[in-house]
Amino acid sequence: MFEQIKISNPVPERPAVAEGNFYKPLEDKIGPGMNPRIQRLRKLSVDTEPTISIERALHETAFYKENYGKYSIPVLRAMNFFDHCEKKTLYLGDGELIVGERGPKPKAVPTFPELTCHSVEDFHVLNTRDMQRYTTTQEDIDTYEREVIPYWQGKTQRERIFNHVPEEWKRAYEAGLFTEFMEQRAPGHTALDGKIYQKGMLDLKREIEENIAKLDYLNDPEATDKAEQWKAMAISCDAAIVFAERHADLAEEMAMKESNSQRKAELLKIAEVCRWVPAHAPRTFWEAIQMYWFVHLGTITELNGWDAMNPGHFDQHLQPFYEKELASGTLTREEAKELLSCFWIKVNNHPAPPKVGITARESGTYNDFTNINIGGLRPDGSDGTSEVSYLILNVIEELHVLQPGNSVHISAKTPDRFLHAAAHVIRQGHGYPSVFNADVYVMEMIRQGKSLQDAREGGCSGCIEVGAFGKEAYLLTGYLNVPKILEITLNNGIDPVTGKVAGIETGDPREFKSYDELYDAFLKQLNFVIDQKIRVSNYIDRMFAKYAPAPFLSVVIEDCISKGRDYYDGGPRYNTSYIQCCGLGTVTDSLSALKKHVFTEGRVTMDRLLGAVAKNFEGEEFLRQTIMNKTPFFGNDNDAADDIAVGVYNDLLAAIDGKPNIKDGGKYHLNMLSTTCHVYFGKVMGATPNGRLAGKSISDGTSPSHGADTHGPSAVVKSLTKLDHIKSGGTLLNQRFLPSLLKRDEDIKKLGHLIRSYFTLGGHHIQFNIVDTATLLAAQQCPDDYKDLLVRMAGYSDYFNDMNADLQQEVIERTQNEAF
Amino acid sequence: MTDLVRTGNASHLIHFKFKNQNMNSGLIFDVKRYAINDGPGIRVTIFLKGCYLDCAWCHNPESISPKVQKLYSADKCIGCNTCVEACPENACELTPKGIVTDPALCKLCGICADVCPTKATEMSGRIATVEEIVAIVEKERIFFDQSGGGVTFSGGEPLMHSEFLISLLDACGERGIHRTVDTTGFAKTEILLDVARRTDHFLYDLKMMDSERHKRWTNIGNERILENLKVLAATGASINIRIPLIKGVNDDDENIEATAQFVASLAGEKKRVNLLPYHNIMLKKYEKLGEHFDPGIMAEPEKSRQKAIISMFAAHGVEAMVGG
């Protein structure tokens, strides 16, 4: 869920030992804390440098060379997948219980040349860039140059797309007005429901075959297309089974040679599990996890969909297995925790596939955004928490790995015990779990037309976007740089950074007589840019439906089988396209500054303000300070600013929400998130009228601009909930907290109350960054961005910025001591 | 009045009729939302300006004077001269050290703060009406409902503004908002009882037990404070005791032992004690007031000492904790 962006604060992967393993590991026991097996596996996962594996590309190229044109595209894709599952190098690591890797070893990432083919230069860039490197050996680069690149040149999905985009789109794209997800990776964002715990691949294949048998070639005009889809799906089921069987064979082989009797027994158990799943529905907790893992691997091997794959409500899916086995004595809590930990490490072994082209230069994140949902509601509307939910919280707290992401889902029915347990993990300061409002996102989905049950079974994947798990293709199409739209409005359609045309002519703002006139011009640009975006997204959608269908993914998403249609071709029950709008805070504050200083008070002329912005406020510090200190900004529970934010949000909705995409009644909706794209968007922009300097990040998600919220978290919550979140497909609120605000257990409870308050008022999501010393040091360097940093001590509170250097130093030292 | 307090025993000030307040309005210097250390739940704390005491360690020195004050931070000043030009009294002057205000000329009109682009100049203290405060408090209602929080009136000494405070307490009470009063306890007993009738919870400061020492460190003897606390406890009021814990001032065995005994002897439910260890993070506030703060011997007691003190309270059956 991430695009060509440098991230400012990557979540560091820290070794367990440096973390003190949080708990003392017990000899011969599995809990509390990581046992030696998990510590070893975790260390290997964390220490391994990501590499590129060219194996998949070699298999695929050879397969396409031999077979392209012989079969329909869906069948070709399925056979290609089968071929790779049959041939790929397997990995079964020492001590592993959950098995299977996408590459030949942990953190070896394949390439997907059918979508985007890396050049030799790309590999060199990936080998040497400062952050988030992926290394490839020279030998592999040479092989790639010889075997892979010549075949795919001119035939990749990316080239197909860029050869057809209109000039207006290209200009807006190059100006950084929006990004396009699908030019680099396949549309994704998929989470599963409970189907794979009820049905194995053989059961699903039987359903497919029954459908084929019933085909009416005489009367159904789509019969042939459906037949090809179903054939492809059936082949994909076989591919997953073959892949598992090969692991079973390997485990048996290794067991024969194994001298350690305990490991021998484990290997035989692994073989037994892999013989059973995914062919059949799982019977045990272990099989259930391995079942999901094989499906996960299948979907991320078939294509490289955004945001990997996601088990959805994993605790709810695993609960029946856990309870049954605990009751029958075949599983202990500790064993369950160990298996979950093994699974967590598996996900961490799978970094996101790297980009190609100029965007490869920009480092990204290894995170592939598998976001496991914990808690929430069940399809019948009852509370979804169980012992497994708490078990997962333990695992998250102990393992502390980059992936998978995780989130807790809170409804009015969720017990406080769960919320407080989650808040304890939040206090550790890893940035997760993030917290979602199940009651509100169920409403969001119902508004989008989902059934109540499907909505409740849904949740949030990737970052914050909502979808009906297991039944929906909800594709993120790209980020929209809303402040940049204002920037080109203030320059009559020209991008001031490059001097090139980026939008349409909406008039010289110096001639505008009123704020309304300015705002109307902004809306015209907004609608123009969004229409460009939608037009090309629709085109790309069709390209995927035609050239890169995903038959394996279609097997596990309802109703692709019954409709006989691919996941990318309107097969799922619901089909949504999202546009992610960024920078609400920046655009609101900029409009607020223009409104107050130019139009309402008239103390500053438009010419002067635009001149100052063009000069990056050089020589205009007085004006910049006046704006920053004397303008109502979003996030302070001040209607003067919040009303502007509500207006922009509603106008974004009017421009996007409900527009048809071209898939079986599917529609566009918006969500308000930026992941880390606000950093990239900031880089392509000059200064903004809110006093933000050129190149600096714009605001993220629906959060206030950095440092603009100076009235504490309760005011932020009040401002944010003036937006009607139910009309979105997700909003994002980041809150910075100093550890001193979470010192006592009582403070943790109050954090819970803050969350409940936000959710009662209709907030969708909140996450807390517990500020560490590094942030405070950054705050000393750039005080303007950190005006919100509140230092709370008993009987005293102040803003970090309001302290002098010595006292800031003292707070930094205290923060070090208070870190959890 | 600040000057008066600093010249000796100021106990007579209790009879001072504070002109900046009446039943409709009073002088406040700050509002803190998401206050989590000022009573139960999530609260909004309203700080009333003016205090009878002048504690050597005061963390909010701008709270002492019951008048509007001008605050100035040289490090935020960009020397733009705007305030100098805007001042109708010609009281401001730009010097190499920053803006210097002539107190003889300054009428505290606040125009300088209004035009200052960087908030280097700010005014501390503004007259607020009961209606205005209630509107601010109402904004936080959802957090009260969820957390069992409410409003806290702190200061300064809120009881110094008794007419205003009583109106505020009544107005919040009518709206079902939980009310906490954070007090030094230095007030006429009848006023304290009048306030107590409309207060759900008290945070009651207890600095030290020996009156002479108390006078030395705060300029006021503690007889009335102790007596008021006994009377208040006897009414059955809900009270948390707050003790600023300062090494070399009140952390000695003798004082702690006496304090623990006293707290244990109070009528009603056992009072909980919040120990607030001294720190000097508020130094900047003194700078802004143009005052000098000398920490002298004052320091934060070591963590081990804090623990020992908690045990001394525990020996008397009193639950003490750091923070809160």
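Q: Before we start, what do the axes and angles refer to when two helices pack?
A: Axes are lines fitted to C-alpha atoms, over the stretch in contact for helices, and angles run from 0 to 180 degrees between N-to-C directions. Note that this is a predicted model.

Q: Good. At what angle do helix 1 and helix 13 of chain A pack?
A: About 5 degrees. Their axes are 10 Å apart. Helix 1 covers residues 36-47 of chain A and helix 13 covers residues 333-348.

Q: Why are those two helices of chain A called roughly parallel?
A: Angles under 35 degrees count as roughly parallel, so helix 1 and helix 13 of chain A qualify.

Q: Which residues make the contact?
A: Helix 1 of chain A brings Arg37(A), Ile38(A), Leu41(A), Arg42(A) and Ser45(A). Helix 13 of chain A brings Glu338(A), Ser341(A), Cys342(A), Ile345(A) and Asn348(A). By class, that contact has four nonpolar, three polar and three charged residues.

Q: Switching topic. How many residues of chain A are in contact with chain B?
A: 35 residues of chain A, against 29 residues of chain B.

Q: Which helix of chain A gives the most there?
A: Helix 28, with seven residues. Other elements of chain A supply at least two each, including helix 24 (621-629) and strand 13 (790-793). The chain A side divides into twelve nonpolar, twelve polar and eleven charged residues.

Q: And chain B, how is that divided?
A: Into domain 1 (2-67 + 125-322) and domain 2 (69-123). Their C-alpha centres lie 32 Å apart.

Q: How many residues of each are in contact?
A: Eight from domain 1 of chain B and five from domain 2 of chain B. The domain 1 side has one nonpolar, three polar and four charged residues.

Key: Residues are numbered from 1 along each chain as its sequence is written. Chains are lettered from A and ligands numbered from 1 in the order in which they are written. This is a predicted model: local features need pLDDT of at least 70, side-chain atom pairs count only at pLDDT 80 or more; totals for chains, interfaces and linings use all residues. Two residues are in contact if their C-beta atoms, placed from the backbone, lie within 7 Å. Helices (H or I, at least four residues) and strands (E, at least two) are DSSP runs, numbered from the N terminus. Ala, Val, Leu, Ile, Met, Phe, Trp, Tyr, Cys and Pro count as nonpolar, Asp, Glu, Lys and Arg as charged, and the others, Gly among them, as polar. Domain bounds come from an automatic or database domain assignment. Angles under 35 degrees count as roughly parallel, over 145 as roughly antiparallel, 65 to 115 as roughly perpendicular and the rest as oblique.
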